Amino acid sequence: MEKLPFERPTIQKISAGIPSKHGISRKLEPLSHIDGLSIKSLINEYGSPLFILSESSIRKTYKEAYRAFSSRYPNVQFAWSYKTNYLNAVCKAFHQEGVWAEVVSGFEYDKAAANGVPGESIIFNGPNKSKEDLRKAIQNSSLIHIDHFDELYEIIHLSREMDERPKVAIRINMDVGVYPKWDRFGFNFENGEAWDALNRIKASKNLDLIGLHTHIGTYMMTTEAYKIAASKLAQLAVSLEKKHGHVIQYIDIGGGFASKNTVRGAYYPGTDTTPSFDDFAEAITSALMSSEIKPDHLPMLILETGRALIDDAGYLAGTVLANKRLSDGRRATIIDTGVNLLFTAFWYEHDIRPIEPISDQMEDTTIYGPLCMNIDVIRGNVMFPLLKKGDHYVVRRVGAYNTTQWMQFINLRPQIVMLDMKGKAHLVRKGETLDTINSQEITPEHLQNFNL
Amino acid sequence: MPNTMPKIRKNIAISESGFVFDPLSGESYSLNPLGLEIIHLIKNGQTYEDLSEALLAKYEVDQETFDRYFYDFVAALKQFNLIEVETDA
């Protein structure tokens, strides 16, 4: 007699009166392939855990974003936010698409330059630019976005010393009706500081004021805020033309567009609530087009969106280490990815799923990482099929911030592969070894030897 | 392997479709088919050897995997207070 397929015995508490509040299916479909390549074969070849990037997703998402803006506005330019993901392979894929570089440190500036980005296509943002960084940026005609008055005076000083005309914009913070108000970067709009800064730049006569920049926040779920931001920048552009007869070349609206990840505690999943590129584009371009800016003086619109361009292209695949029961009877599954690799687990309810159909039985599960640390929780509460030790999982939408904010902690950082347009895998960052870590250390002579 | 098989509390109502009602707590539960089958075998007073032999013959599963899931299942029953508390006399 043929044996019946085995399904583990389960008992589930029925919570009458608390149905799934969204009526959303609780079944987790497995994700076995990315761009036609089996995740299992990638893990077998490159190890576990493994970051997997999809080049076709990067290019497709970019084209979608560019189309949304360029179909509504005559002059659009994207700049790749290096801090979101500065793997060279990722940056270069964007640069091949015609995207400039947006950097916020000397290190990132050098990385963009080493990638071959021409100086005049590098936007230099952030509060931390050393004198040497500024000197380099001025020499290369990069676009320096001034964050504070100390920096402004430093640049004026350097322009005299170097006998150059630095190309500058100012970063402007403003009230766009969202909480918390971002006012730590740049000059404030409402209290007149931004206008004051612009007047001082004009008075210095040594600087080329070419743009106005703002970045209103991160993970913005409302497009209205961008409309307000674009209108306020347009007001400044109009005032500049009125008072100084000066026409600015671009308005940089920054980034902050939400990706489709679900933020912890959100009522609806991000896939349902995140505005599309078209929504953001409509809000921003309509504000600029309907502003008082003269039609033939419409500035270039620069966008520095990072997260929304790269999140979907990143996957993190790995292996289940163990299962156990917690004191209250809930299941705990331990996986080989910790919060040191998946930094975004602190604020997202990440979409994690098995890579092959395991079981139709789902159980309330806490998913822990492998670190010997209490904070190492990847998902606090998730209806999850019972994966066995050795089974594989994949986390979706991890392309933004994780491979820049990750930490070498307890474990070594793993390999990263990118799947090209034909679905062929390329190793784009080698996994760390003990040598990687030790090569940076210097042990004093008297601590070299010991007897135990 | 357990020395003594767990005992399902007497006043627990279990339907043929796997619906479980605990009149003491007012909670209800649902069993999947194998969960229901195991509860019936336990209630019939089967030893663990007989129970696992019967189920291993019937289902595509090895002893080690079965043991693991059986203990996990019993742990869940215990967690939901569906099992009589053993007192060592």
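Helices α7(A) and α8(A) are oblique to each other, since an angle of about 40 degrees separates them and only angles under 35 degrees count as roughly parallel. The model is predicted, with an ipTM of 0.91 and a pTM of 0.89.

**Packing of α7(A) with α8(A)**

- Helix α7 spans residues 193-204 of chain A and helix α8 spans residues 224-244 of chain A; their axes are 11 Å apart.
- The two helices, α7(A) and α8(A), form a right-handed crossing.
- On the α7(A) side the contact uses Ala194(A), Trp195(A), Leu198(A) and Lys202(A), and on the α8(A) side Leu236(A), Ser239(A), Leu240(A) and His244(A).
- Sorted by class, the residues in the contact of α7(A) with α8(A) are five nonpolar, two polar and one charged.

**Packing of α6(A) with α7(A)**

- Helix α6 (residues 149-162) of chain A also packs with α7(A): the axes come within 11 Å and the crossing is roughly 10 degrees.
- At that angle α6(A) is roughly parallel to α7(A).
- Helix α6(A) contributes Phe149(A), Leu152(A) and Ile156(A) to this contact, while α7(A) contributes Ala197(A), Arg200(A), Ile201(A) and Ser204(A).
- The contact of α6(A) with α7(A) contains five nonpolar residues, one polar residue and one charged residue.

**Backbone features in chain A loops**

- Most residues other than glycine have a negative phi, and most peptide bonds are trans.
- Asp35(A) has a positive phi, near 45 degrees, although it is not a glycine.
- Asp35(A) sits in the loop that links β3 (33-34) to β4 (37-38) of chain A.
- Between Ser48(A) and Pro49(A) the peptide bond is cis, and its omega is near -5 degrees.
- Pro49(A) belongs to the loop between α1 (39-46) and β5 (50-54) of chain A.

**Annotated domains of chain A**

- An unreviewed UniProt entry annotates residues 63-309 of chain A as "domain: Orn/DAP/Arg decarboxylase 2 N-terminal".
- In the model, residues 63-309 of chain A are 41% helix and 16% strand, and the end C-alpha atoms of this span lie 10 Å apart.
- The UniProt annotation "domain: Orn/DAP/Arg decarboxylase 2 C-terminal", also from an unreviewed entry, covers residues 310-399 of chain A.
- Residues 310-399 of chain A are 1% helix and 46% strand, with end C-alpha atoms 5 Å apart.

**Contact between chains A and B**

- The contact involves 20 residues of chain B and 15 residues of chain A.
- On the chain B side, the elements giving two or more residues are β3 (28-31), α1 (33-43), β4 (59-60) and α3 of chain B.
- Helix α3(B) supplies the largest share of that side, six residues.
- The side of chain B that touches chain A is made up of 12 nonpolar, five polar and three charged residues.

**Confidence in chain B**

- The average pLDDT of chain B is 88, and 92% of the residues score at least 70.
- Among the elements of chain B, the highest mean pLDDT, 94, belongs to strand β2 (residues 19-21) of chain B, and the lowest, 90, to helix α3 (residues 63-79) of chain B.
- Helix α3(B), with that lowest mean among the elements, is also the one that gives the largest share of the side of chain B touching chain A.

Conventions: Residues numbered from 1 in each chain as written. Chains lettered and ligands numbered in written order. Predicted model: local features only at pLDDT ≥ 70, side-chain atom pairs only at ≥ 80, totals over all residues. Axes fitted to C-alpha atoms, helices over the stretch in contact; angles between N-to-C directions. Helix = DSSP H or I, 4+ residues; strand = E, 2+ residues; numbered from the N terminus. Parallel < 35°, antiparallel > 145°, perpendicular 65-115°, else oblique. Left-handed = near helix turned anticlockwise from the far one by under 90°. Contact = placed C-beta atoms within 7 Å. Nonpolar A, V, L, I, M, F, W, Y, C, P; charged D, E, K, R; others polar. pLDDT = per-residue confidence, 0-100. UniProt positions renumbered as here; feature names shortened; annotations may be inferred.
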